[in-house]
Amino acid sequence: MTTMNKVTKITTFALTVALVFTSVGEVRQAQLADAAKKAKISKNKLSLTVGNTKTLSVKNLTKKQEKKLKWSSNKKSVATVNKKGKVTAKKQGKATITAKTGKKKFTCKVTVANIKLPTPTKASVVRPVVTPVVTPVVTLPPVARPSATPTTRPSTTPTTRPTLEPTITPIPDYNLYGPTIENEGVKWDLVEYGTYPQSLYTPIKEPETPEDNKTYVDADGTKFLCRLNKVTTSKKILNEDTQTYETVYTTTTYYYYYKYEPIQWRVLNISDGKALLLADKCLDYSEYNTRYTGVTWEDSSIRFRLNDTFKNLAFNSNEQEQMVTTNVINSRANPYSSASGGNNTTDDIFLLDIYEMTKTAYGFCEETGDVDEKIGVGEQSINRNANFTDYANDGGTYDFKTEYMHHSWWLRSPGKTSYKAAYITSRGCIDYAITQIVSIETNVSWQMGIRPALTIKINDNNATYKKVGKVDSNSNYVIY
């Protein structure tokens with residue numbers, strides 16, 4: 001073997017050894033990097049108020065570990081958790097949330113607190129006696145006619161509420177109070193004041209010539225409103241002469257009837273002989289503004305609708321005397337987008353704003369989360385959720401009512417800009433990303449639920465309202 005061959009072999013061996021050590025070093029570095037990415041839970045401790053939620057996660061898991069990940073709670077009465085790690089605060093106390101995958105366990109200690117409310121103010125009142133007012137009505141002639149109501153109607157799913165069956169009949173207390181904290185969460189006093197079309201109704205005798213938005217009185221004295229809905233369908237028909245298909249349009253008119261029923265309101269606050277009320281359900285359904293333009297509450301069409309059409313339909317003259325004209329604060333900008341709320345106004349009926357919907361004194365949770373335009377602002381809250389009456393559920397233009405939007409309701413606060421408006425989502429979040437107008441060309445607006453608020457005098461012997469019971473965060477009722 002020549003000297004040159006020996007040198008070549010030695011050099012080759014040295015390079016091979018160097019490559020081996022380099023590979024071992026790289027593997028070791030990769031192992032250290034993986035060790036640095038140790039799996040861990042997103043939060044070891046979590047504080048929530050009753051009704052709020054928070055989603056936990058476990059980071060740096062392998063795909064195999066993620067598939068086997070299971071969540072559990074040691075005290076479901078205090079806090080529950082679903083398969084995606086979403087924790088829901090149920091009642092005051094402490095619980096441990098555990099995430100398990102294989103032999104690995106991750107825990108988060110959850111502390112649930114009640115919403116802090118001020119000591120409720122008691123307002124002593126004389127149990128109200130409602131003064132009947134004669135309202136002009138249309139008397140129906142006893143004429144038999146074929147039914148104008150179709151045997152089938154477009155499917156609507158009326159929202160039902162669970163009923164709380166108390167084990168002991170409560171002693172009625174007709175004094176009014178602000179929100180209180182009990183085992184079930186927040187409880188509000190419930191009062192009846194005014195009437196409005198709410199439940200679907202089948203008349204004993206239908207109107208002979210029904211008119212849209214006209215009020216009738218049935219044979220047994222039941223007052224109801226007629227709403228017309230025209231549905232146009234198309235069908236292709238073969239023209240025998242030209243042997244071509246032509247489109248034929250057919251318009252069918254449906255008559256829906258809704259019974260006038262007492263409006264139920266939640267008492268949000270008692271102060272200086274006055275009560276701030278919020279409708280228990282969404283009573284109507286409409287756009288925030290009818291024109292594509294930058295607008296604030298002061299010039300919005302929804303404001304004029306509430307203080308004109310709604311007011312005159314829902315309240316008689318005596319009931320309107322009970323109202324207190326409210327100085328509505330609009331000058332506070334949207335706290336998340338800084339959009340201006342415009343000038344302050346004086347209104348008999350109004351919508352709540354973002355600030356009022358985060359006020360713990362009214363029974364709502366205080367926002368603390370990050371802004372997310374797609375899923376809402378901050379924590380979800382069942383205390384802000386609202387059911388819809390049949391009248392509100394069937395209202396609006398069908399094409400612009402998605403499942404998400406259909407169970408949402410307007411606030412008076414501006415949205416991201418003056419072309420948008422804030423609202424409460426179906427999950428109880430505050431959102432402000434939706435635009436008021438869908439299309440500039442067609443000028444068609446997004447439509448949502450209307451949940452009015454107003455202020456009434458309570459120390460009044462001629463009161464036109466009455467306390468009927470209580471309702472809690474989960475929409476359970478105790479009716480006297």
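Modeller: In this predicted model, the largest cavity is lined by Ile329, Asn330, Arg332, Ala333, Asn334, Gly341, Asp353, Tyr355, Arg412, Ser413 and Pro414 (a cavity is a set of points on a 1 Å grid over the protein atoms alone where a 1.4 Å probe fits but cannot get out, and lining residues have an atom within 4 Å of a point). Residues are numbered from 1 along each chain as its sequence is written, and side-chain values use heavy atoms, without hydrogens or water. Local features need pLDDT of at least 70 and side-chain atom pairs 80 or more, while totals for chains, interfaces and linings use all residues. The largest cavity holds about 70 Å³ of space, the volume being that filled by probe spheres set on the points, which are joined across faces, edges and corners, and the search of the whole structure finds 3 cavities of 30 Å³ or more.

Turning to the sheet, 4 strands form an open sheet in the order β2-β9-β8-β5, with mixed pairing; strands are DSSP runs of E, at least two residues long, numbered from the N terminus, and two of them pair if DSSP finds at least two bridges between them. β2 (45–49) and β5 (70–73) stand at the edges with a single partner strand each, so one side of each has no neighbour in the sheet. β2 pairs with β9 (residues 104–113) in the parallel sense over 5 bridges, and there Leu48 has Val112 as its bridge partner. β8 (residues 93–101) pairs with β9 in the antiparallel sense over 9 bridges, and the bridge partner of Gly93 in β9 is Val112. In the hairpin of β8 and β9, with 2 residues between the strands, Gly102 takes a positive phi near 65°.

How values were computed:
1 Å grid on protein atoms, 1.4 Å probe; cavity = no way out; pocket = protein on both sides within 12 Å on 5 of 7 lines; lining within 4 Å.
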